[in-house]
Amino acid sequence: MLQRIQTIYLLLAAGISAGLIFVFHLWITDAGVNVFAKDDMLYLGLFLGSAVLSLVTIFMYKNRKSQFVMGRLNIILNFILLGFFVYQSLNVSGETAVSEKGIGMLLPIVSIVLLALANKAIKKDEELVKSVDRLR
């Protein structure tokens, strides 16, 4: 059913992963240049992969178990993206290009929270269906 609360959470996560990466910069280099996700293919691919995974998860509403697994995979993908950001910002070599962190580095955290809320709602729906099946 598309009118559930997890659909809203997944749409918001997809919107953050696909839309806000073009609005908020990830970091500012030493030269004062704003770096967006579209400037690096790795970050762009991971953000868009997360958005596509969220949209695919929405339309798997008939199989809640696989929908839950896809949500977990999306959370793992966002943790990987967050790990890349932490590595980039804490690079200990003297050749780091990050002088100031941007708000775009926090987008995976917001997406993880929304995906966790969606998985919680999916699990609640699954428990509701199981309880109704016991009454039959």
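Is Glu126 buried or exposed? In this predicted model, Glu126 has a relative accessible area of 17% and is therefore buried, since the limit for that class is under 20%. Glu126 belongs to helix H4. Beyond its neighbours within four places in sequence, Glu126 is in contact with Arg64 and Lys65. The C-alpha atom of Glu126 is separated by 9.7 Å from that of Phe68, although the two residues are 58 residues apart along the chain.

The largest nonpolar core comprises 23 residues, and the members that touch the most others are Leu26, Trp27, Tyr43, Phe47 and Phe85. At least two residues of this core come from each of helix H1 (5-18), helix H2 (41-58), helix H3 (64-89) and helix H4 (107-135).

Phe85 is also among the buried residues of H3, a list that includes Met70, Ile75, Leu81 and Leu82 as well as Gln67, Asn74 and Asn78. Apart from neighbours within four places in sequence, the contacts of Phe85 are Leu26, Trp27, Tyr43, Phe47, Gly104, Met105 and Pro108. The length of H3 agrees with expectation, because its 26 residues should span 38 Å at 1.5 Å a residue and its end C-alpha atoms are 37 Å apart.

The surface also has a nonpolar feature. Phe22, Val23, Phe24, Ile103, Leu106, Ile109, Val113 and Leu117 make a nonpolar patch of about 670 Å². Within this group, Phe22 is placed in the loop between H1 and strand S1 (27-28). Phe22 has a relative accessible area of 42% and is therefore partly exposed.

Definitions and conventions:
Residues numbered from 1 in each chain as written. Predicted model: local features only at pLDDT ≥ 70, side-chain atom pairs only at ≥ 80, totals over all residues. Heavy atoms only, no water. Core = buried A, V, L, I, M, F, W, Y, C linked by side-chain atoms within 4.5 Å. Buried < 20%, exposed > 50% of the residue type's maximum accessible area, 1.4 Å probe, protein only. Helix = DSSP H or I, 4+ residues; strand = E, 2+ residues; numbered from the N terminus. Contact = heavy atoms within 4.5 Å. Expected span 1.5 Å × (residues − 1). Patch = residues over 30% accessible without salt bridge, like charges linked within 9 Å, V, L, I, M, F, W, Y side chains within 5 Å. Areas by Shrake-Rupley, 256 points an atom, 1.4 Å probe, with all protein chains shown as cover. Salt bridge = Lys/Arg side-chain N within 4 Å of Asp/Glu carboxyl O.
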